[in-house]
Amino acid sequence: MYHSIKEVAEMFGVNESTLRYWETEFPYLKPKTGGAGKIRQYSDKDIEQVRLIHNLVKVRGFKIAAARKIIGNNRDGADRRADVLSRLISVREELQALKKQVDSLQ
């Protein structure tokens, strides 16, 4: 299954131009293109790459060059950290929803 650049941009709360820029800065982020390169189709693997880049650049505040170096030097470690962060965010959201339910009972 493929996702459009618009869908991926919405998933991560970034502009489509940001995704296109990241494609130029991170050589392993190469979504399938068609229509003279104007239509981008992101696979699940591409979305995981975007998730990793987003985590390093937008969430953790690394500059592009530093994020590229981190990924290049320790790809598996960077992937694991991004996965753990994603899980923690999900758990936090679940806990906040539970707290709202408990508060409404009181």
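# Why these terms apply: pocket, patch and salt bridges

Modeller: L98 is found in helix α5; a helix here is a DSSP run of H or I with at least four residues, numbered from the N terminus. This is a predicted model, in which local features need pLDDT of at least 70 and side-chain atom pairs count only at pLDDT 80 or more, while totals for chains, interfaces and linings use all residues. Residues are numbered from 1 along each chain as its sequence is written, and side-chain values use heavy atoms, with hydrogens and water left out.

Colleague: Why is L98 called partly exposed?

Modeller: Under 20% relative accessible area a residue is buried, over 50% it is exposed, and in between it is partly exposed (1.4 Å probe, protein chains only). The relative accessible area of L98 is 48%, so L98 is partly exposed.

Colleague: What makes V91, L95 and L98 a nonpolar patch?

Modeller: A patch is made of residues with over 30% relative accessible area and no salt bridge; nonpolar side chains (Val, Leu, Ile, Met, Phe, Trp, Tyr) are joined within 5 Å, and like charges within 9 Å. V91, L95 and L98 form such a patch on the surface, with about 280 Å² of accessible area together. Those areas come from the Shrake-Rupley method with a 1.4 Å probe, and for residues only the protein chains shown count as cover.

Colleague: Why is the contact between K99 and D103 called a salt bridge?

Modeller: The term requires a side-chain nitrogen of Lys or Arg within 4 Å of a carboxyl oxygen of Asp or Glu. The closest N and O atoms of K99 and D103 are 2.9 Å apart, and by this rule the count comes to five salt bridges. K99 and D103 are four residues apart in helix α5 and therefore separated by about one helical turn. K99 is exposed at 52% relative accessibility, whereas D103 is partly exposed at 38%.

Colleague: How do you know that R20 and E16 meet in a salt bridge?

Modeller: The N to O distance between the side chains of R20 and E16 is 3.9 Å, which places the pair among the salt bridges. R20 and E16 lie four residues apart in helix α2 (residues 16-25), about one helical turn. R20 is partly exposed at 33% relative accessibility, and E16 is partly exposed at 32%.

Colleague: What makes E48 and R51 a salt bridge?

Modeller: The closest N and O atoms of E48 and R51 are 3.3 Å apart. Both belong to helix α3, where three residues, or about one helical turn, separate them. E48 is partly exposed at 43%, and R51 is partly exposed at 28%.

Colleague: How much space lies in the largest pocket?

Modeller: About 250 Å³ lies there. Of the twelve lining residues, F12, R51, H54, S86 and I89 are the closest to the centre. On a 1 Å grid over the protein atoms alone, a pocket is an open set of points where a 1.4 Å probe fits, with protein on both sides within 12 Å along at least five of seven lines; lining residues have an atom within 4 Å of a point.

Colleague: Which helix supplies the largest share of the lining?

Modeller: Helix α5 supplies it, with six residues. α1 (5-12), α3 (44-59) and α5 (75-105) each supply at least two.

Notes: Points joined across faces, edges and corners; volume = space filled by probe spheres on them.
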